Amino acid sequence: MKKKWVIIADDFTGAADTGVQFANAGLQVKVIINASAIAREIKACDVLVIDLETRLISAKEAYNKHYDVGKQLHNIGNCMVYKKLDSTLRGNIGSEIDGLMDSMNFKMTLLAPALPVYGRTVVNGEVLVNNVKLSETEVRNDPRTPVLHSCISDIIDIQSNRRCKAISTAFLNNQPGKRTDYLLKEFDSGNEVLIFDSTTEDDLEKIVETIGPLLHQNVLLAGSAGLARYVSKFSLECQKRIAFAFSGSISGKTRSQIKFLENENDTAFINMAGEKLLNGMLKINEIIADVSSKIAGGVSRFIFVSALTKHDVDAVNHFAKEQAISKEEAAGRLSVEMGRFAATLIKKFKPFGVLLTGGETAINTVHALGATGIKIDREILPGIQCGTLTGCAVKSLVVTKAGGFGSNDAILKTFQFFKV
């Protein structure tokens, strides 16, 4: 069963303006004001928004309400939590975060309250409103929820002892392949609340790209409607999970593994003919249109094949003769073209998982993506391992397999590992 988002807000308008970001992404959203109905209501929607009305009550009451809701959600399980914050940080920010972290055993809070469309930005861990420090704006004089600080960690410290760390926009623009690991290291260093700078919509999108791999782990996400807009898009992409397999192997074992999937209804086979690859006649736009159409029709597994048929082998031999080069060099060119096309498709569709079978197919795809290597996470089958690419922006899980490795159901089991 897929995980569901639960948004916890401190007032009704905030609940609505955050929930609508998920509705805009095509998800079914419901806002409730009765926290005792969570178990029933969560079954009837994709995204449940709970208004706890805690902005104007005491810090202790706000903590207790969030703790109680967190306990309910912890018992229900299989949900991800978004703590909606006011973009000018009015209310009981520290107590509410504490209540959820304590009750749900969250190890870390990822916080980005910026709302650039309304001039609310975060620079060096401080909130600015139209480039004016928050503590110098009209919210300082709010009769019920005055905000006397601009620094987010100072605001949280009033009600919480959790250690905070500001994350600069420079971090978002550097070393894209290492950003998620960096956040985990910050937690290991004792920082429990990571506060992201953000001044533009692009910053918010990069934040979600960075924290995406962590969302299914034990973390709390906190922000305004601004961040929610990109979280909702990410959530929708995860629901439409697809996987690609690219094979340029001539191994009989690989042919058997592909044949094993012939009767799977949600699997599409796309022939990247060797002759067309070598002669520059394979049209990537036509392939993209074909894949898009199949995804819209419910297909989630795609196998792109080349060099598997006698015709492909004949094409390589003919090309070698025509170009007065060796067969080995012609086969090498075919692998380079396969890698280039694979990289284009991966960048375009951002599949959840990618299987690369055949050593030359794998290395040429890695080169074409601009990656520096792969961070190995686990072995999913004997001799078949999974990891993530380093040094590039691709977030897909990547499985590599030698052409002659695996039982007949190896590719099927890899797709099942991707849960597609």
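**Strand pairing and a buried serine**

User: In this predicted model, which residue in β11 is the bridge partner of Ala-112?

Analyst: In the predicted model, Ala-112 has Gly-223 of β11 as its bridge partner.

User: What makes β5 and β11 a pair of strands?

Analyst: Pairing requires at least two bridges between two strands, and five bridges join β5 (residues 108-112) to β11 (residues 219-223), so the two count as paired. The two strands run parallel.

User: Where do β5 and β11 stand in the order of the sheet?

Analyst: The open sheet has eight strands with parallel pairing, in the order β2-β3-β1-β4-β11-β5-β10-β9, and its twist averages 20° from one strand to the next.

User: Why is one side of β2 and of β9 left without a neighbour in the sheet?

Analyst: Each of them, β2 (29-32) and β9 (164-167), stands at an edge and has a single partner strand, so one side of each has no neighbour in the sheet. Helix α7 (residues 179-188) lies across β9, as well as across β5 and β10 (193-196), and runs at about 155° to β9.

User: Why is Ser-232 called buried?

Analyst: The term applies under 20% relative accessible area, and Ser-232, whose value is 1%, is therefore buried. Ser-232 belongs to helix α9 (residues 225-239), and, leaving aside its neighbours within four places in sequence, Ser-232 is in contact with Gln-21, Phe-22 and Ala-25.

User: What makes the approach of Ser-232 to Arg-229 a polar contact?

Analyst: A polar atom of the Ser-232 side chain lies 2.6 Å from the backbone oxygen of Arg-229, and the cut-off for a pair of N or O atoms is 3.5 Å, so the distance falls within the limit.

How values were computed:
Residues numbered from 1 in each chain as written. Predicted model: local features only at pLDDT ≥ 70, side-chain atom pairs only at ≥ 80, totals over all residues. Heavy atoms only, no water. Helix = DSSP H or I, 4+ residues; strand = E, 2+ residues; numbered from the N terminus. Axes fitted to C-alpha atoms, helices over the stretch in contact; angles between N-to-C directions. Contact = heavy atoms within 4.5 Å. Buried < 20%, exposed > 50% of the residue type's maximum accessible area, 1.4 Å probe, protein only. Polar contact = N/O pair within 3.5 Å; in protein donor to acceptor, adjacent residues only side chain to side chain.
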